[in-house]
Amino acid sequence: GAMYLPFGPPFNIGIPPTSVSQIRRVHPNGLAEIIALGVRNSVGGDIDPRTGHYWFTENARDWISDDMPSDKLNHVA
């Protein structure tokens, strides 16, 4: 019943403020909690119905090169 919302930083390179670069879980009653910090840009995620773990993508910084840094698949247990 919860919704997962990514909050990416408003720029590509730099140290973002603590209010962004995170994924928040928002419950139907409106309460929210931070479940992941340091996430640059997540464009997709899903919950594994067998384990309840949340898996999400993280796109690395843009405009550095074609090969680095790598994009990642993360999960929260």
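Strand β4 is joined to strand β5 (residues 54–58) by 3 bridges, and the two strands run antiparallel. Strands here are DSSP runs of E with at least two residues, numbered from the N terminus, while helices are runs of H or I with at least four residues. Two strands count as paired if DSSP finds at least two bridges between them. The model is predicted; local features need pLDDT of at least 70 and side-chain atom pairs pLDDT 80 or more, whereas totals for chains, interfaces and linings use all residues. Residues are numbered from 1 along each chain as its sequence is written, and side-chain values use heavy atoms, with hydrogens and water left out.

**The sheet β4-β5-β6**

Strands β4, β5 and β6 form an open sheet in that order, with antiparallel pairing. β4 (45–47) and β6 (72–76) each have a single partner strand and stand at the edges, so one side of each lacks a neighbour in the sheet. From one strand to the next, the twist averages 20°; axes are lines fitted to C-alpha atoms, for helices over the stretch in contact, and angles run from 0 to 180 degrees between N-to-C directions.

A hairpin is formed by β4 and β5, with 6 residues between them, and Gly 52 in its turn has a positive phi of about 80°. On the other pairing, β5 and β6 are antiparallel over 5 bridges. Trp 55 has His 75 in β6 as its bridge partner. The covered face of β5 consists of Tyr 54, Phe 56 and Glu 58, and its uncovered face of Trp 55 and Thr 57.

**Ile 47**

Ile 47 lies in strand β4 and stands opposite Tyr 54 in β5. With a relative accessibility of 36%, Ile 47 counts as partly exposed; buried means under 20% relative accessible area, exposed over 50%, and partly exposed in between (1.4 Å probe, protein chains only). Apart from neighbours within four places in sequence, Ile 47 is in contact with Tyr 4, Gly 52, His 53 and Tyr 54, where contact means heavy atoms within 4.5 Å. The C-alpha atoms of Ile 47 and His 75 are separated by 9.2 Å, the two residues being 28 residues apart along the chain.

**The sheet β1-β2-β3**

A further open sheet has 3 strands in the order β1-β2-β3, again with antiparallel pairing. Its edges are β1 (3–7) and β3 (32–37), each with a single partner strand, so one side of each is left without a neighbour in the sheet. Neighbouring strands of this sheet are turned by 25° against each other on average, direction ignored. Strand β2 (residues 22–26) and β3 run antiparallel and are joined by 5 bridges. Within β3, Glu 33 is the bridge partner of Arg 25.

| Strand pair | Bridges |
|---|---|
| β4 and β5 | 3 bridges |
| β5 and β6 | 5 bridges |
| β2 and β3 | 5 bridges |

**The chain as a whole**

The chain has 0 helices and 6 strands. Its C-alpha trace spans about 40 × 30 × 15 Å along the principal axes. Of the 77 residues in the chain, 23% are buried. Among contacts with a separation of 6 or more, 19% are between residues 24 or more positions apart.
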